[in-house]
There are 4 protein chains.
Amino acid sequence: MRTTDAPKFGRPRNEGADRAILQAALDLVSAEGYRAITVDQIAARAQVGKMTIYRRWPNKAAVVMDALLVLVGPETDFPSAPCAIESMKKQLYLQVKFFRSKYGRLIRSLLAEAQSNEELAEAFRERWIVPRRQGVVAVLQRAIDQGKLRSDIDLELATDMLYGPLYYRLLIGTGSVTNALADVLYEQFMAGHEPRKK
Amino acid sequence: MRTTDAPKFGRPRNEGADRAILQAALDLVSAEGYRAITVDQIAARAQVGKMTIYRRWPNKAAVVMDALLVLVGPETDFPSAPCAIESMKKQLYLQVKFFRSKYGRLIRSLLAEAQSNEELAEAFRERWIVPRRQGVVAVLQRAIDQGKLRSDIDLELATDMLYGPLYYRLLIGTGSVTNALADVLYEQFMAGHEPRKK
Amino acid sequence: MRTTDAPKFGRPRNEGADRAILQAALDLVSAEGYRAITVDQIAARAQVGKMTIYRRWPNKAAVVMDALLVLVGPETDFPSAPCAIESMKKQLYLQVKFFRSKYGRLIRSLLAEAQSNEELAEAFRERWIVPRRQGVVAVLQRAIDQGKLRSDIDLELATDMLYGPLYYRLLIGTGSVTNALADVLYEQFMAGHEPRKK
Amino acid sequence: MRTTDAPKFGRPRNEGADRAILQAALDLVSAEGYRAITVDQIAARAQVGKMTIYRRWPNKAAVVMDALLVLVGPETDFPSAPCAIESMKKQLYLQVKFFRSKYGRLIRSLLAEAQSNEELAEAFRERWIVPRRQGVVAVLQRAIDQGKLRSDIDLELATDMLYGPLYYRLLIGTGSVTNALADVLYEQFMAGHEPRKK
DNA sequence: AACTAATCGAGACGGTACGTCCCGTCTTAGA
DNA sequence: TCTAAGACGGGACGTACCGTCTCGATTAGTT
């Protein structure tokens with residue numbers, strides 16, 4: 001998402017500023033929401049000129065998207081358990097926790113903005129959603145290999161069914177995002193996908 | 001979402017203008033998306049002064065929300081079938097068709113805007129989502145009464161699981177919203193909720 | 001300045017309303033100035049519908065102009081004295097008093113508005129200024145007849161010289177409009193126009 | 001009348017834009033009159049964003065006032081003649097010429113607007129009128145020193161008497177502003193103020 | 001140590017949409 | 001038929017934020 005490369009001469013880019021900008025964007029948007037925050041506010045909090053932001057990212061959406069990828073992404077490691085299916089359940093709990101954290105608002109904001117910004121939509125899909133879905137798919141595949149799930153499952157569809165309701169509640173707010181929800185999602189999923197009993 | 005009630009004297013509201021404004025809003029937003037449309041454009045298309053819009057609704061979001069409720073709402077009748085569970089499946093197909101229609105963009109727009117506008121969020125939830133969920137819940141209850149579903153189901157949760165994935169795909173676009181998706185949602189739902197076999 | 005004549009049938013026009021409207025316009029504009037007052041305010045104070053105003057006058061300027069003519073005009077009678085030249089001096093004092101009264105602001109307002117409203121400008125000139133100038137000219141003529149002034153005076157010019165400085169101060173505010181000013185105007189005028197001494 | 005001073009950092013004011021804005025305001029208002037011109041029109045003609053105007057001046061009146069001071073002011077040099085009293089007469093002719101030029105409308109517009117805008121009134125008085133009056137007063141004083149005028153004259157009053165009728169005609173239009181008028185004003189003024197004959 | 005060249009903080013800029021205000025017209029129900 | 005009330009179309013206002021542009025000061029490698 002970065003724009004230019006390092007030059008040969010002159011004052012080198014202050015790489016630390018990058019992080020300060022992303023942190024400022026992250027803090028502000030997590031707290032107030034994307035729309036409520038202006039680029040000037042981000043620049044002010046990062047103690048940086050507005051141009052420094054626009055030299056690195058093409059627009060506000062890109063900054064916030066990068067903040068998510070760079071600062072939040074690494075914190076969202078996939079939990080591992082010897083039993084793949086248990087690892088799946090742990091991951092659902094993590095997702096619940098994530099959505100309930102201050103980052104819930106960040107995700108909502110970006111998803112909202114993406115509806116009117118195709119570039120952001122693609123970035124969010126390909127750089128945030130898809131990689132995490134791949135983790136899920138891999139675990140599900142491992143569960144199939146371990147004989148814990150039927151082998152004729154459409155894994156993409158399965159992922160939609162596991163995570164769709166979480167996003168739905170995050171965005172619409174008819175019910176809150178809780179571990180109890182994760183439990184039911186997991187149970188129903190297993191009920192529909194456990195291997196045929198003999 | 002309307003602002004004031006009819007006064008005792010004076011020229012009464014031109015109810016026809018109401019409809020023209022809502023239709024203009026609906027057409028424009030369905031075609032171009034919420035953010036791309038300005039209040040002036042809506043006013044111009046409805047051949048109405050901007051003040052006439054602001055006299056009735058507090059902001060653009062409220063206009064478009066009302067357009068959804070007044071002009072689209074009545075078109076979304078719930079399908080009925082003697083067998084409740086079949087009626088449920090028909091409703092899923094209708095939802096897919098709705099999301100694929102031009103109104104898909106409208107729903108996406110409003111849901112997006114609702115993320116940064118708590119007033120709109122509440123209106124969307126309470127006036128659009130909840131009434132439609134109630135229809136679903138009623139059908140599911142009828143299915144239980146007809147012995148087609150287990151009686152210990154949490155109906156709200158069930159609704160989330162049936163519709164969550166549809167909204168997820170609508171908003172994120174990892175996969176398209178299709179009847180095939182509806183089929184799988186239905187099947188998995190039945191697998192998890194059919195009455196215990198003796 | 002009135003727009004239509006009395007109708008033949010139906011509820012007769014409430015002639016009292018006319019006066020109430022003019023009085024409201026006069027009071028408000030005298031106190032706050034033309035630009036600060038809206039037609040709605042005049043209608044509200046006169047307890048009259050806005051349409052009742054626009055049925056009688058073509059616009060706000062016409063109402064206020066009429067208020068001046070109808071309500072203030074009759075109060076501005078020309079003072080008479082056996083000696084014409086003394087009558088002239090009295091009139092200057094009256095003008096000073098008038099400009100210092102609440103009507104000063106009214107005159108300023110109308111004169112201001114007239115600069116961007118040719119119709120009002122003409123009305124103000126022909127219906128307010130010119131008649132009063134004619135009074136002045138008549139008195140000056142009488143003074144000539146009485147042998148108190150030179151007979152070769154251009155009376156229009158003389159009037160400009162007597163009243164111009166009063167209006168100048170009223171509008172620009174470099175100095176206040178006082179009887180002392182009137183005295184000097186009178187003296188200088190006499191110095192320039194008294195009959196040649198033998 | 002400008003709003004803030006130059007900051008220590010940041011892009012400095014584009015002083016060229018200032019002039020373009022003032023020129024646009026001057027041209028438009030001189031041609032069409034103050035009330036007929038919108039801030040958007042000025043911005044468009046100056047090829048400038050509306051905010052750039054509002055960043056420098058608090059409102060339209062201030063822009064036009066500054067246009068007068070900056071662009072017209074320097075053109076209104078006081079004529080000089082060895083004989084002070086002749087210089088005075090020349091100045092009266094210049095004033096007539098000025099009022100008959102396209103700037104006559106500008107002066108009328110500003111004077112009109114000043115009647116409902118105390119801030120503008122003060123600016124017009126203190127920055128336009130007073131400096132020019134001071135020129136007149138100085139010349140009159142010189143004439144006294146040269147023994148061409150009585151020494152007991154109130155110079156402010158004298159100025160009002162010389163210029164008041166010109167403004168009166170400019171604003172009311174009962175007669176036109178001509179050199180003939182200037183001649184009479186001058187003659188009468190001299191008649192009333194020439195030194196006593198021995 | 002002086003020079004060079006690119007970056008930096010700051011903030012002005014053109015543009016676009018917003019939501020408000022008032023004018024003069026139009027429309028109703030009631031007198 | 002006229003009135004009070006007030007909704008209406010139109011158009012200007014002054015504000016906010018976006019993403020771009022421009023300045024003088026800063027900084028590090030090159031000479």
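This is a predicted model: local features need pLDDT of at least 70, side-chain atom pairs count only at pLDDT 80 or more; totals for chains, interfaces and linings use all residues.
Me: What makes up the side of chain D that touches chain C, by element and by class?

Reply: There are 12 residue pairs in polar contact between chain D and chain C, both residues being at pLDDT 80 or more; a polar contact is a pair of N or O atoms within 3.5 Å, where within protein one must be able to donate a hydrogen and the other to accept it, and residues adjacent in sequence count only if both atoms are side-chain atoms. The elements of chain D that give two or more residues to this side are helix H6 (103-114), helix H7 (118-145), helix H8 (155-172) and helix H9 (179-193), helices being DSSP runs of H or I with at least four residues, numbered from the N terminus. H8(D) gives the most, with 12 residues. By class, this side has 17 nonpolar, 8 polar and 7 charged residues.

Me: How do you know how much area chain D and chain C bury between them?

Reply: Buried area is the accessible area (1.4 Å probe) that two parts lose on being put together, summed over both. On that definition, chain D and chain C bury about 3,100 Å², 62% of it on carbon and sulfur atoms. The contact, meaning heavy atoms within 4.5 Å, takes 32 residues from chain D and 31 residues from chain C.

Me: Why is the relation of chain D to chain C that of a two-fold axis?

Reply: Copies are superposed by least squares on the C-alpha atoms of residues with pLDDT of at least 70 in both, and a rotation of 179 degrees with 0.1 Å of shift along its axis superposes chain D on chain C, with an RMSD of 0.2 Å. That is therefore the relation of a two-fold axis. In chain D, the C-alpha nearest the axis is that of D:Ala112, 2.0 Å from it. Because 97% of the interface residues of chain D are also interface residues in chain C, the copies meet through the same surface.

Me: What makes the pair B:Asp160 and A:Arg169 a salt bridge?

Reply: Their side chains meet at 2.5 Å, N to O, which is within the stated limit and therefore qualifies. Across the interface of chain A and chain B the rule finds 4 salt bridges. H8(A) gives the most to the side of chain A that touches chain B, with 12 residues.

Me: How do you know that chain B and chain C are not in contact?

Reply: No contact joins chain B and chain C, whose closest C-alpha atoms lie 10 Å apart. Chain B and chain D do not touch either, and their nearest C-alpha atoms are 17 Å apart.

Definitions and conventions
Residues are numbered from 1 along each chain as its sequence is written. Chains are lettered from A and ligands numbered from 1 in the order in which they are written. Side-chain values use heavy atoms; hydrogens and water are left out. Ala, Val, Leu, Ile, Met, Phe, Trp, Tyr, Cys and Pro count as nonpolar, Asp, Glu, Lys and Arg as charged, and the others, Gly among them, as polar.
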